[in-house]
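Hi,

Here is the structure I promised to pass on. Have it open while you read, and my notes follow below.

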Amino acid sequence: MLMHASVPLGYYAAALRVLRKHKASGGRVSEEVISGVTIVVPTYNERNNIIDKLNNVADETKGMGESEVIVIDGGSDDGTADVAESWRPPPWVRLRVLREGLRRGKHVAENEGLSKATEDYVVFTDADSLWAPGSLRAALRALSRSDVGLVTCVKRPLNIMEVESGYRDLYNMLRLAESAMHSTPIAHGELIAIRRDLAIKLGGLRPGADDSELAHRVAMSGLRAVAVDGVICAEKVPRGQGYVEWRGRRAQHLVAYFASALRDLPRAPRGYRRVLAVEAYLHLVNPWLALAALALLLAAASMGQLLAIAVLALVALTVLAIPHARSWALMQTFLIVGALRNIRGRSEVWRKVEK
Ligand code: GDD
Ligand code: MN
């Protein structure tokens, strides 16, 4: 159990140090704001979300010259494409609604959108997500640095989108620290900004954890893939049974992604190598350590060992009392189940979960 906790806690402490140093040095950011952006929104049955999404994109692109928005619909049967077409764009948005006719997977739609994009910068974004004010500008500003190849967001729950500051969870902190070290291997489909020619050169998006996987290849190319503090997105989270299925599938994709990204470790650029090694360890190995420790403790406890019973009680109390520990434990469970599910194979197209 101690071993399970030591690597993440050590990493967390190192991350905090990196961030503090980074903040003190002012974290250089160029002031240039890029215009000329194509926003690609893949949709499958997003009737209830697409108008909010387009309005949000319109707000965010205001004052940036003309922007192109491509909605690429994978054969929705709820009329998403028609609803998107009924939206009246403001003068600065050029809307294109493309219909794939049938569902072929998110990454296929994104690649189709990429091939049709005409602007120099492309931003991929999920239809069930929203950007906090100023996020697009902040993302493009960060992307204008010559060493940065991909920009992604930090996440906030939808209901506190308006809160200015304060809320930073564990995972956002890690993503920001990794970005300061070199690159984060975990990027979010809610906002992936990249130069169009780079995305094409890298061969576009791949199935599974398409967002993180693209960030990984950007980092492997020597450019940086970074999450940026002022780039904030929120997504709708399903409730009840749908939540478990949704988290489970994402964890499954992450496990498969890290297992394959690990092969690049020897060739990874210096600053990124450590990040990749630790994150792969945290996703692939560490959950199993906790499981093994739990099994041993339970065995010992059932034989009446007092120390084992005490440690088990302590672990149970920690998980019950500390919300971060609880979400950590939940994630470990999803990662274990995800790894087991991957043995049976994973699907490139997933069931739409109601949100
Ligand atoms: N055209 C098309 N075709 N769009 C699709 C398809 C498809 O087959 N499947 C999903 N989409 C769209 C959805 O409508 C949404 O806009 C976006 O792709 C993300 O799909 P969600 O169903 O909302 O996925 P998620 O939020 O649970 O998935 C997260 O993890 C994935 C990896 O497991 C996101 O971060 C994704 O970006 C990521 O790929
Ligand atoms: Mn989603």
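First, a term you'll need: a residue is called buried under 20% relative accessible area, exposed over 50%, and partly exposed in between (1.4 Å probe, protein chains only). This is a predicted model, where local features need pLDDT of at least 70 and side-chain atom pairs count only at pLDDT 80 or more, while totals for chains, interfaces and linings use all residues. Residues are numbered from 1 along each chain as its sequence is written, chains are lettered from A and ligands numbered from 1 in the order in which they are written, and side-chain values use heavy atoms, with hydrogens and water left out.

Salt bridges

I'll start with the charged pairs. A salt bridge here is a side-chain nitrogen of Lys or Arg within 4 Å of a carboxyl oxygen of Asp or Glu. Across the whole structure, the search turns up 24 of them.

One of these joins Glu110 to Lys106, with the closest N and O atoms 3.6 Å apart. These two sit four residues apart in helix α4, so about one helical turn separates them. (Helices are DSSP runs of H or I with at least four residues, strands are runs of E with at least two, and both are numbered from the N terminus.) Are Glu110 and Lys106 buried or exposed? Both are buried.

There is also a network: salt bridges with shared partners link Glu66, Glu68, Arg94, Arg96 and Glu119. Have a look at Arg94, which is partly exposed at 28% relative accessible area. Its side chain meets that of Glu119 in a salt bridge (3.4 Å, N to O). Arg94 belongs to strand β3 and Glu119 to the loop between α4 (106-116) and β4 (121-124), so this pair ties together parts 25 residues apart in sequence. Glu119 is buried, at 18% relative accessibility.

Arg94 also forms a salt bridge with Glu66 (2.4 Å, N to O). Since Glu66 lies in the loop between α2 (50-61) and β2 (67-73), and Arg94 in strand β3 (residues 93-99), this pair ties together parts that are 28 residues apart in sequence. Glu66 is partly exposed, at 42%.

Aromatic pairs

Next, the rings. Rings of Phe, Tyr and Trp (its six-membered ring) pair if their centres lie within 6.5 Å; planes under 30 degrees apart are stacked, over 60 edge-to-face, and the rest tilted. How many aromatic pairs does the structure hold? Two.

Tyr243 and Trp246 make a tilted pair, 5.9 Å centre to centre with 45° between the planes. They are three residues apart in helix α9 (residues 241-261), so about one helical turn lies between them. Tyr243 is partly exposed at 23%, while Trp246 is buried at 6%. The rings of Tyr257 and Phe258 have centres 4.7 Å apart and planes at 45°, so that pair is tilted as well. Tyr257 and Phe258 are both buried.

A charged patch

Last, the surface. Arg17, Arg20, Lys21 and Arg274 form a positive patch. For such a patch, residues need over 30% relative accessible area and no salt bridge, and like charges are joined within 9 Å. Helix α1 (residues 2-24) gives the most to the patch, with three residues. Arg274 sits in helix α10 (residues 270-284) and is partly exposed, at 45% relative accessible area.

Cheers

Terms used
Patches are made of residues with over 30% relative accessible area and no salt bridge: like charges are joined within 9 Å, nonpolar side chains (Val, Leu, Ile, Met, Phe, Trp, Tyr) within 5 Å. Accessible areas come from the Shrake-Rupley method with a 1.4 Å probe; for residues, only the protein chains shown count as cover. Lys and Arg count as positive and Asp and Glu as negative; His and the chain ends are not counted. The place of a charge is taken as NZ of Lys, CZ of Arg, CG of Asp or CD of Glu.
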